[in-house]
Amino acid sequence: SAVISQKPSRDICQRGTSLTIQCQVDSQVTMMFWYRQQPGQSLTLIATANQGSEATYESGFVIDKFPISRPNLTFSTLTVSNMSPEDSSIYLCSVEDPDSNSYEQYFGPGTRLTVT
Amino acid sequence: GQSLEQPSEVTAVEGAIVQINCTYQTSGFYGLSWYQQHDGGAPTFLSYNALDGLEETGRFSSFLSRSDSYGYLLLQELQMKDSASYFCAVRAPGDTGGGNKLTFGTGTQLKVEL
């Protein structure tokens, strides 16, 4: 299993500014994932962050808008840049259990972002 | 592209059995997972099916039919604490050259009543 923490837990930001979300895992993992979830909606994968390489972004998400860092095997950051009200959402990081035959993912508690 | 459809809402009484269906259309497929998410909480893993058939874990069971692109989550002996959102998720190759990824379904809100 893995325990994941995220900072901040929530924030209210003005449009045009940027926010960096931190994700810390209590064990070393190869793959970390960043998701976005509108309240009451499904989860949408933003990007996959592997240590030592550039993040891989899903269709509709670009590095300039969501730059990601992965400096080591226990930590990652996601920045939401030049924010607009449409970026208001819950942002979650997750990791895949490397020892699981079920490819189980563990999720952080999420960061609730409101852009005004 | 990927699409996974689930009923938006299911209501059942405590002690009953409920089935949550998931149909999917994906460009690749390795397996189907189920996650539970309580309001304000993080998703938590319930089950994973890579092969056809039924997997049982306590009160929860999950079924997969790859030929029908269909699966379901079966919850038995429902308890009030089972009230939550349930998501199916397909594990498949990433479509941007990355590794494998999960694509989540639309989600089903389960309400358990007395």
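Predicted model: local features only at pLDDT ≥ 70, side-chain atom pairs only at ≥ 80, totals over all residues.
1. The cut-off used for a disulfide is 2.5 Å between sulfur atoms. Don't picture A:Cys13 sitting out in solvent, though: its relative accessibility is 9%, so it counts as buried.

2. What does A:Cys93 pair with, then? A:Cys93 forms a disulfide with A:Cys23, and their sulfur atoms are 2.0 Å apart. The torsion about that S-S bond comes out at about 75 degrees, so the disulfide is right-handed. As for where it sits, A:Cys23 belongs to strand β3 (residues 19–25) of chain A, while A:Cys93 belongs to strand β9 (residues 89–96) of chain A, so the pair ties together parts 70 residues apart in sequence. Both of these cysteines, A:Cys23 and A:Cys93, are buried.

3. Chain B has a disulfide as well: B:Cys22 and B:Cys88, with 2.1 Å between the sulfur atoms. Here the S-S torsion is about 70 degrees, so this disulfide is right-handed. The link spans distant parts of the chain, from B:Cys22 in strand β3 (residues 18–25) of chain B to B:Cys88 in strand β9 (residues 84–93) of chain B, which are 66 residues apart. B:Cys22 is buried, and B:Cys88 is too.

4. On the total count, searching the whole structure turns up two disulfides over all chains.

5. β3(B) and β8(B) run antiparallel and are joined by six bridges. One contact to look at is B:Gln19, whose bridge partner in β8(B) is B:Leu74.

6. β8(B) pairs with another strand too: six bridges join it to strand β7 (residues 60–65) of chain B, again antiparallel. In that pairing, B:Ser62 stands opposite B:Leu73 of β8(B). β7(B) and β8(B) make a hairpin with four residues between them, and the turn includes B:Ser69, which has a positive phi of about 50 degrees.

7. Last, is β8(B) mostly covered or mostly open? Mostly covered: of the six residues in this strand (residues 70–75) of chain B, five are buried.

Technical notes
Residues numbered from 1 in each chain as written. Chains lettered and ligands numbered in written order. Heavy atoms only, no water. Helix = DSSP H or I, 4+ residues; strand = E, 2+ residues; numbered from the N terminus. Buried < 20%, exposed > 50% of the residue type's maximum accessible area, 1.4 Å probe, protein only. Pairing = 2+ DSSP bridges.
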